[in-house]
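Thanks for coming, everyone. Let me put the structure up and walk you through a few contacts.

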Amino acid sequence: MNFDYSDKAKSYQEKLNAFMATEVYPLEKEHNEFAYHPDNNWKRWPKLEMLKEKAKAAGLWNLFLPKAYGDLSPGLTNLEYAPLAEIMGRLLWASEIFNCSPPDTGNMEVLAKYGTPAHQEKWLKPLMNGEIRSAFLMTEPNVASSDATNVSTSIKLDGDEYVINGHKWWSSGAMDPHCKIAIVMGKTNPEEHRHQQQSMILVPMDTPGLKIVRPLSVFGYNDSPEGHAEIILDNVRVPKENLLLGEGRGFEIAQGRLGPGRIHHCMRLIGMAQRSLELMSARSSERVAFGRAIRDFSSVRQEIAYSRCEVEQARLLTLSAADKMDKFGNKAAKDLIAMIKIVAPNMALKVIDRAIQIHGGKGVSGDTPLAHFYAAARTLRLADGPDEVHLYQLGKSTIGKYYKEPNS
Ligand SMILES: Cc1cc2nc3c(=O)[nH]c(=O)nc-3n(C[C@H](O)[C@H](O)[C@H](O)COP(=O)(O)OP(=O)(O)OC[C@H]3O[C@@H](n4cnc5c(N)ncnc54)[C@H](O)[C@@H]3O)c2cc1C
């Protein structure tokens with residue numbers, strides 16, 4: 001691959017860095033005081049809409065969507081988007097300013113790829129405009145959901161409607177007052193082959209029978225206002241036109257959704273790790289212990305040096321995966337996507353942990369982004385498939401690549 005960024009990519013990086021410096025970082029403290037205050041649970045920070053308008057006016061909007069969708073997306077490649085997602089990932093809440101936040105990004109891609117013109121008019125347009133948010137309901141508390149064939153929510157046709165019954169959790173974004181639409185995965189065809197039983201269907205959040213049971217927390221963080229909800233679907237009825245693509249095609253959609261989504265998470269993780277590296281370099285230069293700056297202890301320098309190596313390794317692997325996706329499609333890039341999905345969260349956890357250590361007590365407090373980074377990075381060893389599932393598939397594919405049965 002060619003490691004030079006295109007002029008277009010460079011100009012977006014410059015614009016985004018400048019926007020972050022002038023509009024976002026100066027408000028980080030104010031945002032955090034609002035977002036972490038218990039009185040503000042499930043309330044949106046009032047200045048967010050103002051920042052979104054400014055980002056839209058600056059042309060920093062829907063940067064994630066690989067091919068142009070009307071004039072609302074600049075149509076960047078994955079390779080061009082990667083450094084932008086990294087810049088946004090330096091703050092846990094920044095992606096939404098640019099309408100590049102999960103799960104909306106994946107849901108918009110699903111609607112763009114598989115939605116009918118009516119779905120696109122009703123849901124994709126307001127999502128692309130940043131007027132509403134969305135959720136993706138696959139995981140269930142009662143079955144091991146890393147094996148998506150286990151997902152047991154039932155979706156049954158009854159006249160002109162589908163009736164949905166099930167129990168979901170870890171529905172990220174569903175607590176947000178702006179969340180208006182969910183993509184729900186469930187079984188329409190339980191008798192079919194295991195990969196043809198599942199379907200995906202659009203369920204407006206205000207449909208009778210959809211009940212939010214509670215918000216879940218991640219190491220105590222509730223991630224307000226998006227949150228992660230536990231949800232009951234009790235005889236939820238939606239028009240049969242809400243089914244995406246057709247009965248039994250849920251896996252096909254899931255594959256299309258998860259490839260780009262996984263790599264976007266990795267890009268943001270690199271942003272978190274890079275910022276942690278910068279923070280530990282600064283902190284170790286400012287503190288003195290046992291008569292010298294902490295940065296002058298060789299063990300500290302090694303931790304910083306290892307961190308720089310590992311961030312760069314993961315960055316290059318991510319770019320390689322992005323490049324392959326652009327040139328040969330998501331399917332051809334599946335091994336590289338698996339590699340980076342395994343590498344990036346573990347790398348980020350190591351680097352963030354070192355940064356926490358070098359900060360001493362401050363590192364685990366709310367006075368730096370490190371503690372929340374750690375919690376967020378840890379969830380990405382589980383979300384979008386646990387490490388072991390990716391390792392298993394990658395191991396299988398690697399053995400198949402390097403070993404052929406003697407008589408085959
Ligand atoms: C913060 C957060 C946000 C999330 N957001 C969403 C969302 O928006 N929508 C959604 O649908 N889901 C979401 N999830 C759920 C997430 O995708 C699942 O937690 C994940 O897929 C694992 O499923 P599970 O929790 O049922 O674990 P299980 O399937 O019960 O697996 C538990 C463990 O078993 C082991 N295991 C599983 N398979 C294998 C294997 N093949 N080999 C070896 N060991 C194995 C692994 O250690 C694994 O972690 C989110 C999760 C978190 C933590």
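Asn78, Leu79, Ala82 and Glu86 in helix H4 meet Arg315, Leu319, Ala322, Asp323, Met325 and Asp326 in helix H8. Contact here means heavy atoms within 4.5 Å. By class, that contact of H4 with H8 has five nonpolar, one polar and four charged residues. For the classes, Ala, Val, Leu, Ile, Met, Phe, Trp, Tyr, Cys and Pro are nonpolar, Asp, Glu, Lys and Arg are charged, and the others, Gly among them, are polar. The axes of H4 and H8 (residues 298-328) come within 8 Å and cross at roughly 145°. Axes are lines fitted to C-alpha atoms, for helices over the stretch in contact, with angles from 0 to 180 degrees between N-to-C directions. Helices (H or I, at least four residues) and strands (E, at least two) are DSSP runs, numbered from the N terminus.

A word on the source. This is a predicted model, where local features need pLDDT of at least 70, side-chain atom pairs count only at pLDDT 80 or more, and totals for chains, interfaces and linings use all residues. Residues are numbered from 1 along each chain as its sequence is written, and side-chain values use heavy atoms, with hydrogens and water left out.

Now the rings. How many aromatic pairs does the structure hold? Four. Rings of Phe, Tyr and Trp (its six-membered ring) pair if their centres lie within 6.5 Å; planes under 30 degrees apart are stacked, over 60 edge-to-face, the rest tilted. Trp45 and Trp93 are edge-to-face, at 5.5 Å centre to centre and 80° between the planes. Trp45 lies in the loop between H2 (28-35) and H3 (48-57), and Trp93 in the loop between H4 (78-89) and H5 (104-114), so this pair ties together parts 48 residues apart in sequence. Trp45 is buried, with a relative accessible area of 7%. Trp93 is buried too, at 14%. Buried means under 20% relative accessible area, exposed over 50%, partly exposed in between (1.4 Å probe, protein chains only).

Next, Trp169 and Trp170. That pair is tilted: 6.3 Å centre to centre, 55° between the planes. Trp169 is partly exposed at 26%, and Trp170 is partly exposed at 35%.

Last, the strands. Two strands pair if DSSP finds at least two bridges between them. S3 (residues 161-172) and S7 (residues 228-239) run antiparallel, joined by nine bridges. Glu161 has Pro239 in S7 as its bridge partner. S6 (residues 210-216) also pairs with S7 in the antiparallel sense, over six bridges. There, Ile212 stands opposite Ile231.
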